[in-house]
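Open the structure in your viewer and keep the sequence beside it. The tour below goes from one selection to the next and says what is there.

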Amino acid sequence: MKSLRVRSVAAAAVAVALSAASLSALAAENGLQRYSPGVGGSDMTAPLVPGWYFQLPFVGYHASKAKGNDGKITTTAGSTVEAKATNMAFLPRLTYLSTDQFFGGNLGVTAMLPLVHRKAEFVSQSPSVVVQGLVAAQNGIDNGVGDAEISPIVHWELSDSQTVTLAPTVVIPTGDYKATQRVNAGYGNFYTFRPSVQYAFIGDGWDVGARAVLSFNTRNKDTGYLSGKIFNLDYQLMKFVSEDIRVGLQGYFVRQLSADNYDAGKAAFPNPRTTIVDGNKMSVNAAGPAVSWIKNGGEMMVEGKVLREYNARNRFEGTAFWLTLSKPL
């Protein structure tokens, strides 16, 4: 009887360990990053002259699966873990470009404060009550203000058809956040330095834009979690089909360049379930159609696009719908 009891306890411990490992396959803390992939669109090739600008992007993202390091749906003790994530956010941004010059480029500033709805749900098909309970503990929902970001900008007009914009962004932990809950509107008690370089080619028919972003994170003081460096590339290829309508292809690449690190000794609220799988890094690609309407040659622009993700690793894989209003003030 004693031997049977020991084997039962050991089996439960193994199931818990497997469950924790499967969920930790979501690289970067909670599988998130402080940049919205796909936010760059037709605004990247819109003319930018000194003045004030307002942008109001809305994104609705839904994923019904979480992928592991092998690109397959995560499993727990040999059983599939059903994962669902829903994120919706308004990302209001205010930008000012001045006539002051810096190395030949116009100086400016931009700031954004997101309003977020976030939900995550994990369901294990394992018969083990212990495993099901651990997976269910990862579920959550939250609404609130996200983390603010601010950045100086420098905008160069290289020619009549080419521009470059530099934005060394700092993201501040102003969002609603509790380390003791799985899902939050804010990302955590840490800062992110996020420099970006944007290039635009505005042609007679086709317009091409790309934005390269690199995120450096500090350690989350509440959880002891340090998310690795992440590279993002947003791109767009758009063509005018009439005087005020552009259609084309947009998408993004996400690549985590360095692995995460967890140090319970540096956590204000250490979590005994937090584990790191060495070498796990998130990555994903996305692409989809886009259409934009430009009123009176630039008085206002409205753009919609649908971006489908594929080849995800250590993160959710889903579809994002974007609707963005851009307007000079």
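Select Glu309 and Arg315 first. Both residues are buried in this predicted model. They form a salt bridge, and the closest N and O atoms are 3.1 Å apart. Side chains of opposite charge can pair when their charged atoms come close.

Leaving aside neighbours within four places in sequence, Phe316 is in contact with Glu309, and its other contacts include Leu26, Tyr61, Ala63, Ala85 and Phe122.

Which of its 28 residues touch the most other members? They are Phe122, Tyr252, Val254, Met282, Phe316 and Trp322. To see where the core comes from, colour the strands β1 (51-67), β3 (79-90), β6 (115-124), β14 (245-256), β16 (283-295), β17 (300-313) and β18 (315-328); each supplies at least two residues. The largest share, four residues, comes from β1. In soluble globular proteins, nonpolar side chains tend to be buried together.

Now go back to charged residues. The count for the model is nine salt bridges. Select Glu149 and Arg194, one of these pairs, with closest N and O atoms 2.8 Å apart. Glu149 lies in strand β8 (residues 148-157) and Arg194 in strand β10 (residues 192-202), so look for two parts of the chain that are 45 residues apart. Are these two residues buried or exposed? Both Glu149 and Arg194 are buried.

For another pair, select Glu299 and Lys295. Their salt bridge has its closest N and O atoms 3.5 Å apart. Glu299 has a relative accessible area of 35%, so this residue counts as partly exposed, being between the limits of 20% and 50%. Lys295 is partly exposed as well, because its relative accessibility is 29%.

Then select Lys65, Lys67 and Glu317 together. These three residues are linked in a network of salt bridges.

Next, find Ser258 in the loop between β14 and β15 (261-262). The side chain of Ser258 reaches the backbone nitrogen of Lys229 at 2.8 Å. Not counting residues up to four places away in sequence, Ser258 touches Gly228, Lys229 and Lys281.

Finally, show the whole chain. Its secondary structure comes to two helices and 18 strands. Of its 329 residues, 46% count as buried.

Key:
Residues numbered from 1 in each chain as written. Predicted model: local features only at pLDDT ≥ 70, side-chain atom pairs only at ≥ 80, totals over all residues. Heavy atoms only, no water. Polar contact = N/O pair within 3.5 Å; in protein donor to acceptor, adjacent residues only side chain to side chain. Contact = heavy atoms within 4.5 Å. Core = buried A, V, L, I, M, F, W, Y, C linked by side-chain atoms within 4.5 Å. Buried < 20%, exposed > 50% of the residue type's maximum accessible area, 1.4 Å probe, protein only. Salt bridge = Lys/Arg side-chain N within 4 Å of Asp/Glu carboxyl O.
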